[in-house]
Amino acid sequence: MRLRRGWILAAALTGAAAGAAAAEPAGCADLADRLETLTGYRIAAPVAGSQGGWCVFDRAVLTARGAPEIAAERLRLRGAVATDVIDLALEAGGVRLAPGLGQRDLDPILRETLRLQVADLAFMATAGPEGLAVRGGRLRLSGGTVVEVEADVAGAGLSAGSLLPGRLTWARLDWRNDGRLFRPVMESWGESLVDGADGGAAVDAARLALRQIARNLPGSLFQGEGQDRLEDALAALPQGRGRLALEFRSTRGIGAAQVAMAALSGDPLGPEALARLFAGAEMTVDWQPGLAP
């Protein structure tokens, strides 16, 4: 079931009140270890100092095995430990991607998607008895795209491994599309769907596939005109500028086990498999075209 709002608020206040008696502020080395446990990325930079309870790393480089290298002009971590509650907050500015160790270049799709892009990133993750709560997730790209995410994952903790048995019970997405970011991704996917398709034809194939998947979603999942708004958003991809707002709720939650069951069906993206996957869930969708991000 969805994490109780009272617990989430208490956890957030615990993380913010580093000096409160109920919480002990975590050391910078411990925070760096938490980040590595959660994301797999290790900070290759000394601590520059502390500021307002934050551990500050200047010109930090983050590395992970088999993954692109992340360079941040500014990186700040903060966290605290209270009874049964652990949290980690991150703020990073001037973020760029580069080939990781042993990689000659970035993945072509990633390279084209993020060409000349500089990012700012922030989030706060709180792990407690009921699961993991992510708040204030925000990715802002210099090209204009902004993605904001919040979520509750029941049964998960502050580590990548604990996410596998977790179940998504609530999520909120606010995405402001700059009209350019997703074209390389859609081109690549469309080329894999239709032999010989490239350029605009590949984009059209990917858009058609996305719209068909949206039509296969159960009507009971959507509140109001949500399914129509989702269809409008997908029809505008990739060049359509606008703002997509989505909120998802599920009492039982959706986790890896439910996704695996759907994947094993004869038609994993067909109406029957998606109806089972999203049984009892609700989603609201709003699409506002033409708004500058």
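The accessible surface of the protein amounts to about 15000 Å², 57% of which belongs to carbon and sulfur atoms (Shrake-Rupley method with a 1.4 Å probe; for residues, only the protein chains shown count as cover). The model is predicted, with pLDDT of at least 70 required for local features and 80 or more for side-chain atom pairs, while totals for chains, interfaces and linings use all residues. Residues are numbered from 1 along each chain as its sequence is written, and side-chain values use heavy atoms, with hydrogens and water left out.

The protein contains eight helices and twelve strands (DSSP runs numbered from the N terminus, H or I of at least four residues for helices and E of at least two for strands). Of its 293 residues, 43% are buried (buried is under 20% relative accessible area, exposed over 50%, partly exposed in between; 1.4 Å probe, protein chains only). Among contacts (heavy atoms within 4.5 Å) with a separation of 6 or more, 60% are between residues 24 or more positions apart.

Helix H4 (residues 183-193) packs on helix H5 (residues 199-216) at an angle of about 85°, the axes being 7 Å apart. H4 is therefore roughly perpendicular to H5 (angles under 35 degrees count as roughly parallel, over 145 as roughly antiparallel, 65 to 115 as roughly perpendicular and the rest as oblique). Axes are lines fitted to C-alpha atoms, for helices over the stretch in contact, and angles run from 0 to 180 degrees between N-to-C directions. Residues of H4 in this contact include Met186, Trp189 and Gly190, and those of H5 include Val203, Ala206 and Leu210. By class, nine nonpolar, three polar and four charged residues take part in the contact of H4 with H5 (Ala, Val, Leu, Ile, Met, Phe, Trp, Tyr, Cys and Pro count as nonpolar, Asp, Glu, Lys and Arg as charged, and the others, Gly among them, as polar).

Pro184, Met186 and Gly190 are the buried residues of H4. They lie on the same side of H4, because they cover an arc of only 165° around the axis (taken from the directions from the helix axis to the C-beta atoms). These buried residues pack against helix H3 (108-113) and H5.

Glycine 255, in strand S11 (residues 242-255), is buried at a relative accessible area of 6%. Its C-alpha atom is separated by 7.3 Å from that of leucine 164, 91 residues apart along the chain. Leucine 237 and proline 238 are joined by a cis peptide bond with omega of about -5°; proline 238 lies in the loop between helix H6 (226-236) and S11.
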